[in-house]
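Keep the picture open while you read, and look up each piece as we get to it.

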Amino acid sequence: MLALLRIWVDRMAARIFSLFAWFSVFLLFIILAGLVFKSLPIMRSYGFADLLFSADWKPLQKQFGFLPFMVSTVYVTVTALAFALPACTLASLYLVEYARPRFTNAVLPIIDLLAGIPSVIYGIWGILVIVPFVRNHIAPVFHADTTGYSILAGGLVLAVMVFPLMINLLVEVLRTVPRELREASLSLGTTRWETSLFVVLRKALPGIFAAVILAFSRAFGETIAVLMVVGNVVKIPHGVFDSGYPIPALIANNYGEMLSIPSYDSALMFAALILLVIIILFNLLSAFILKSLHVHRYSV
Amino acid sequence: MRKRKFTEQFFLFLMRVSMFLVMLPLFLIILTILVKGIPSIDLAMITQTPKGGFYLGKEGGVLNAIAGSFYLSASATILAVCISLPVVLCLNIYMKRGSNKAWLIRLCMDVMSGVPSIVFGAFGFLVMLFFGMKVSLLAGIITVTILIMPVTIRSMDEMVRTVPEQLLQATYSLGATRVEAAMVVVRRVLPGLITATLLSFGRAIGDAASVIFTTGFTDNIPQSVSQPAATLPLAIFFQLSSPIPEVRDRAYAAALILTFIILLISYSARYISNKFTNAS
């Protein structure tokens, strides 16, 4: 009798557990479906291409062109990666190839701490340190006139925010390169740097690519910190010293008026949908690359 | 030969510089928050709610936001753990290692943990409208639960994966059912699960973009889940946009409080995982 009860409990648990598991997967599709459903009205009345490639954003006159926001988002993200990628690649090479294990083991937890700091704190730091730095020190060098609230400031803050993610991933990726390859290269008389460049980095190239995609998608959706330093002016930026207005900032700034202007809520949900779709695609791509390299994404 | 040696030295130098540049912001951020926050922090900040002229620089504190953040994050974390634990056990004990279903679920969780919090915020807003709710603590809790669930699942999953296959086999050979084996596994990785929970709590308390639509803002401590609630990141954000210097100073003080809470949580998470994983 007791045995039957135990088997019954086991079967019930199996059902409940898998119900939870599929529910969590289902949630992603509910989110996608919800956003698609809500942005259908605006897609129907304006057409996909008009929304994406028009530069006119006047919600009161029913003009919804997302081009300024898309360009700003790409600008900020690319600026961030232009700083983060070389710095993180060199730093992780140093951690894996050159530094003593004791140093690496001391540094990685500190970098993890950086990952836990909330984005609003990064935003404050951006306003207090990065924005004045851009205005007073970087802009004069290029003879640019700026308030400091610019694409460049957003990019710098974002670069710092993706450091932990990139370093963690790159260290994991570089560690998957077999030691024999390094030894073979060194035994042919190359210097350590030549081995790092022509053997380790080359072998790790797909992994670095995956790390870049992940960092890109993280930077893409970052809201509060970027919103605080990027200036939020609706126009297509023409350089890194111009102000920008990325998509996440657009959504966060306008939630108040969302329900009072017709089709505005639909437009903002469409913006969220763009973010979601791009990020799903990027994450899938990097997941497949990392899977082929046998790298676990989370190393807590 | 000399050129090659020079290249080696040059790039080693470049790597050290990069290493320094990557570490520098961490210290700069903490330094900035300390320098700006310490002069304006006082006991009233953490023991009082905003009084009449608070947003003009008069007395009061951010107790409303601290309490709101704790209610929100604690409830969301508890809910997320209640959903995550069954999923993780299903992945590791009921499904075979290397099964396609488990791979699909893990993939979806990876993708979901990459989704920006503003998208969860927008979705939470839709859910709120769908059920006819107003901005409230409850709507915020639902949103934040969905936000941290994928992260919780993936970090707990990594913990449970470290359990050796032999432990499971030994349990089965004694005649245990799978659910009983799951209990053995849970007891074995309990410190790891607590660490994962703490990290999720940290993520929940620091997130601003997802609650901006759903929890609203209020000067009172919420008395029930149907009332709006203030959160610490949003309180910082709103006070920072004030033109009055005293109010901005208080934003720095609130930022110091938030940083302190986050660092405390991260440190204790790490402490628990180090202390117990080395012992066992």
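**Getting to know chain B**

Before anything else, keep in mind that this is a predicted model. Let's begin with chain B. What does its secondary structure come to? The count for chain B is 11 helices and 0 strands. If you read the elements of chain B from the N terminus on, you get α-α-α-α-α-α-α-α-α-α-α.

As for dimensions, the C-alpha trace of chain B spans about 70 × 70 × 35 Å along its principal axes. Chain B has 280 residues, and 49% of them are buried. Now pick out the contacts in chain B between residues at least 6 apart in sequence: 75% of these join residues at least 24 apart.

**Two domains in chain B**

How many residues does each domain put into the contact between them? Domain 1 of chain B gives 6 residues and domain 2 of chain B gives 7 residues. On the domain 1 side of that contact, you'll find 3 nonpolar residues, 2 polar and 1 charged.

**Where the chains meet**

Chain B also touches chain A, and this contact takes 71 residues from chain B and 69 residues from chain A. Which element supplies the largest share of the chain B side? That's helix H1 (residues 2–37) of chain B, with 19 residues. Sort the chain B side by residue type and you get 50 nonpolar, 11 polar and 10 charged.

**Helices that pack together**

| Helix pair | Angle | Axis separation | Handedness of crossing |
|---|---|---|---|
| H5(B) and H6(B) | about 140° | 9 Å | right-handed |
| H4(B) and H6(B) | about 130° | 8 Å | left-handed |
| H5(A) and H6(A) | roughly 135° | within 9 Å | right-handed |

Let's take the pairs one by one. In chain B, helix H5 covers residues 117–130 and helix H6 covers residues 137–161. Their angle makes H5(B) and H6(B) oblique to each other. The H5(B) side of the contact is made by Ser117(B), Phe120(B), Gly121(B), Gly124(B), Val127(B) and Met128(B), while H6(B) brings Ala139(B), Ile142(B), Thr143(B), Ile146(B) and Leu147(B). By type, that contact has 7 nonpolar residues, 4 polar and no charged.

H6(B) also packs with helix H4 (residues 100–114) of chain B. Here again the angle makes H4(B) oblique to H6(B). On the H4(B) side, look for Arg106(B), Met109(B), Asp110(B), Met112(B) and Ser113(B); on the H6(B) side, look for Pro150(B), Val151(B), Ile153(B), Arg154(B) and Asp157(B). This contact of H4(B) with H6(B) divides into 5 nonpolar, 1 polar and 4 charged.

Over in chain A, helix H5 runs over residues 119–141 and helix H6 over residues 151–175. The whole contact of H5(A) with H6(A) comes to 11 nonpolar residues, 2 polar and no charged.

Find Pro206(A) next, which sits in helix H9 (residues 205–221) of chain A. Because 14 other C-beta atoms lie within 10 Å, Pro206(A) is partly exposed. Which residues is Pro206(A) in contact with, leaving aside its neighbours within four places in sequence? They are Ile289(A) and Leu293(A). Pro206(A) and Leu276(A) are 70 residues apart in sequence, and their C-alpha atoms are 24 Å apart in space.

Last stop: Asn232(A), found in the loop between helix H10 (224–229) and helix H11 (247–253) of chain A. Asn232(A) isn't a glycine, yet it has a positive phi of about 55°. Is Asn232(A) buried or exposed, or in between? Asn232(A) has 18 C-beta neighbours inside 10 Å, so it counts as partly exposed.

Definitions and conventions: Residues are numbered from 1 along each chain as its sequence is written. Chains are lettered from A and ligands numbered from 1 in the order in which they are written. This is a predicted model: local features need pLDDT of at least 70, side-chain atom pairs count only at pLDDT 80 or more; totals for chains, interfaces and linings use all residues. Helices (H or I, at least four residues) and strands (E, at least two) are DSSP runs, numbered from the N terminus. Ala, Val, Leu, Ile, Met, Phe, Trp, Tyr, Cys and Pro count as nonpolar, Asp, Glu, Lys and Arg as charged, and the others, Gly among them, as polar. A residue is buried if 20 or more other C-beta atoms lie within 10 Å of its own, exposed if 12 or fewer, and partly exposed in between; C-beta atoms are placed from the backbone. Axes are lines fitted to C-alpha atoms, for helices over the stretch in contact, and angles run from 0 to 180 degrees between N-to-C directions. Angles under 35 degrees count as roughly parallel, over 145 as roughly antiparallel, 65 to 115 as roughly perpendicular and the rest as oblique. A crossing is left-handed if the near helix is turned anticlockwise from the far one by less than a right angle, and right-handed if clockwise.
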